[in-house]
Amino acid sequence: MALTLYVDTARWRAHQQSILQQFPGIVPVCKGNGYGFGHERLSDEAARFGSDILAVGTTYEAARIKDFFSGDLLVLTPFRLGEEPVPLPDRAIRSVSSVEGVRGLVGARVVVEVMSSMKRHGISEEDLPKLHAAIEDVRLEGFAIHLPLDRTDGSTAIQEVGAWMERLHNARLPLHTMFVSHLRSDELAQLQQQFPQTRFRARIGTRLWLGDPDATQYRGAVLDVTRVAKGDRFGYRQQKAAGDGYLVVVAGGTSHGVGLEAPKALHGMMPRAKGVARAGLATMNRNLSPFVWAGKQRWFAEPPHMQVSILFVPGEVAPPQVGDELVAHLRNTTTQFDRLLDH
């Protein structure tokens with residue numbers, strides 16, 4: 001009995017191919033939990049469609065993925081002086097976001113990240129003159145820019161990338177390759193036309209692996225079903241059942257990521273109102289689970305356990321049977337499955 005990720009493999013791969021066609025020279029990203037699929041599976045998929053490079057989040061991920069993928073490995077987290085050394089093969093490429101970082105990687109393959117409007121990390125325009133001498137001691141693979149998802153100041157992604165291309169050109173720095181993130185395919189094509197001497201390579205993870213949500217589905221197996229009457233005590237905290245119904249034990253708990261939720265940026269009154277309503281219900285120990293039965297997401301009977309969740313199904317609803325599977329609406333990037341099944 002398990003929390004299972006079902007993959008409609010043909011559909012999933014058809015979506016991959018549509019993204020590959022839209023973004024020539026794509027750099028697939030495999031970081032974190034492998035977007036819910038795992039590092040090994042995504043490494044196999046990248047090799048299957050012939051990618052020469054795979055982007056990973058950290059040096060620790062690169063150390064694991066090097067055994068699954070034989071091409072270049074681009075580490076997205078910038079190098080920092082004094083960081084713990086992790087043995088990596090020569091095909092590893094380090095991102096750097098400072099002149100000091102470049103100087104600390106003598107002989108290494110590097111991609112220099114420039115500071116975008118994200119203001120997360122990147123080399124500044126003022127430091128470009130110092131970069132000239134520093135890159136003589138490394139193998140420069142190109143520059144990179146990480147763009148925001150939303151733009152509220154009226155500017156465009158093309159304008160921001162174009163401005164950096166001009167700065168790098170004016171600083172007489174080599175512009176053979178520019179790695180970009182969060183560009184549409186038409187924007188990428190426009191930049192490629194505007195700067196034909198530079199190869200633009202889009203780093204893409206979410207859109208590549210998770211762009212067709214109907215290609216995948218999580219399901220948790222029902223382990224036990226117990227009838228309860230209103231007022232019956234149950235669970236770790238021995239709280240009372242709010243009404244007649246069933247306690248349904250389903251595979252999938254906190255170790256799988258069930259019950260975990262990343263903070264969201266709310267825009268508009270309706271999403272904010274819903275957030276307030278959810279918070280109010282939570283103070284009354286009413287939390288909606290991700291598991292669906294009889295067409296509705298069911299409430300947690302109590303907070304999820306490590307490997308299972310206990311749901312409350314009201315008495316007027318026919319309960320599931322042991323062995324049934326409940327669809328679970330889970331966030332791929334925070335979920336760890338027990339097994340993955342292609343179908």
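The C-alpha centres of domain 1 and domain 2 lie 38 Å apart, and the domain assignment, automatic or taken from a database, places domain 1 at residues 8-210 and domain 2 at residues 215-342. Eleven residues of domain 1 are in contact with eleven residues of domain 2, where contact means heavy atoms within 4.5 Å. This is a predicted model, in which local features need pLDDT of at least 70 and side-chain atom pairs count only at pLDDT 80 or more, while totals for chains, interfaces and linings use all residues. Residues are numbered from 1 along each chain as its sequence is written, and side-chain values use heavy atoms, with hydrogens and water left out.

A place to begin within the chain is R203, which is found in strand β9, residues 199-204; helices (H or I, at least four residues) and strands (E, at least two) are DSSP runs numbered from the N terminus. R203 counts as buried because its relative accessible area is 7%, the term buried standing for under 20%, exposed for over 50% and partly exposed for what lies in between, with a 1.4 Å probe and protein chains only. Leaving aside residues up to four places away in sequence, R203 touches a set of residues including V27, L74, E113, H146 and F179. The side chain of R203 also makes a polar contact, at 3.0 Å, with the side chain of S181; such a contact is a pair of N or O atoms within 3.5 Å, and within protein one must be able to donate a hydrogen and the other to accept it, while residues adjacent in sequence count only if both atoms are side-chain atoms.

With a relative accessible area of 32%, R207 is partly exposed. R207 touches H15, I19, F23, H182, L183 and R184, again not counting residues up to four places away in sequence, and a polar atom of the R207 side chain lies 3.0 Å from the backbone oxygen of L183.

The last stop is a pair of helices, α6 (residues 157-170) and α7 (residues 185-194), which pack at an angle of about 30° with their axes 10 Å apart; the axes are lines fitted to C-alpha atoms over the stretch in contact, and angles run from 0 to 180 degrees between N-to-C directions. This contact is made by A157, I158, V161 and G162 of α6 together with E187, Q190, L191 and Q194 of α7.
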